[in-house]
Amino acid sequence: MKEIKRTETRYILKHVTGKYFKNTAFATSYDAFLTDDILQATRFATKEIADAVIQRNKKAKFKYAGEFMLSTTLMDCNVVVLELNIDGKLYD
């Protein structure tokens, strides 16, 4: 058994509705990209990457309805900090 303890900082996107952005393969509605569970939120290693995801979608051109839903959802998001305190055990 190996004990693991560390703190990691990640950046996630918070939608204006108060929910968090998560990526999904099948977009059937705008809610498909949103979750209340913060651990399901898509995490980015740096704030710059998270900001770039939002900015890139503001200039996107859409071919499919799913792309439009994704872009529209991302435009209403802001970057927030998620600090994870990891305390676990690894069993080999």
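A: Happy to. Let's begin with a term: a salt bridge is a side-chain nitrogen of Lys or Arg within 4 Å of a carboxyl oxygen of Asp or Glu. Arg6, Glu8 and Arg10 are linked in a network of such bridges. Please keep in mind that this is a predicted model, where local features need pLDDT of at least 70, side-chain atom pairs count only at pLDDT 80 or more, and totals for chains, interfaces and linings use all residues. Residues are numbered from 1 along each chain as its sequence is written, and side-chain values use heavy atoms, with hydrogens and water left out.

Q: How far apart are the closest N and O atoms of Glu8 and Arg6?

A: They are 2.6 Å apart. For Arg10 and Glu8, the N to O distance is 3.1 Å.

Q: And is Glu8 buried or exposed?

A: Glu8 is buried, with a relative accessible area of 18%. Buried means under 20% relative accessible area, exposed over 50%, and partly exposed in between (1.4 Å probe, protein chains only). Arg6 is partly exposed at 47%, and Arg10 is partly exposed at 26%.

Q: How many salt bridges does the structure hold?

A: There are 3. One of them joins the side chains of Asp51 and Lys47, at 3.0 Å from N to O. Both of these residues lie in helix H1, 4 residues apart, about one turn of the helix. As for naming, helices (H or I, at least four residues) and strands (E, at least two) are DSSP runs, numbered from the N terminus.

Q: New topic: which residues make up the largest nonpolar core?

A: It has 11 residues: Tyr11, Leu13, Phe21, Phe33, Phe44, Ala50, Val53, Ile54, Met69, Leu74 and Cys77. By a nonpolar core I mean a set of buried Ala, Val, Leu, Ile, Met, Phe, Trp, Tyr and Cys residues joined through side-chain atoms within 4.5 Å.

Q: How many aromatic pairs are there?

A: The count comes to 1. The rings of Phe21 and Phe33 have their centres 6.1 Å apart and their planes at 10°, so the pair is stacked. Phe21 sits in strand S2 and Phe33 in the loop between S2 and S3, 12 residues apart. The rule is that rings of Phe, Tyr and Trp (its six-membered ring) pair if their centres lie within 6.5 Å; planes under 30 degrees apart count as stacked, over 60 as edge-to-face and the rest as tilted.

Q: Back to H2, which of its residues are buried?

A: Met69, Ser71, Thr73 and Leu74. Their cover includes S1, strand S2 (20-21), strand S3 (34-35), H1 and strand S4 (77-90).

Q: What is Thr73 in contact with?

A: Leaving aside neighbours within four places in sequence, Thr73 is in contact with His15, Phe21, Tyr30, Phe33 and Leu34. Contact means heavy atoms within 4.5 Å. On the same terms, Ser71 is in contact with Asn57, Ala60 and Phe62. Thr73 has a relative accessible area of 3%, and Ser71 has 1%.

Q: And Phe68, how exposed is that one?

A: Phe68 is partly exposed, with a relative accessible area of 40%. Phe68 is in helix H2 too.
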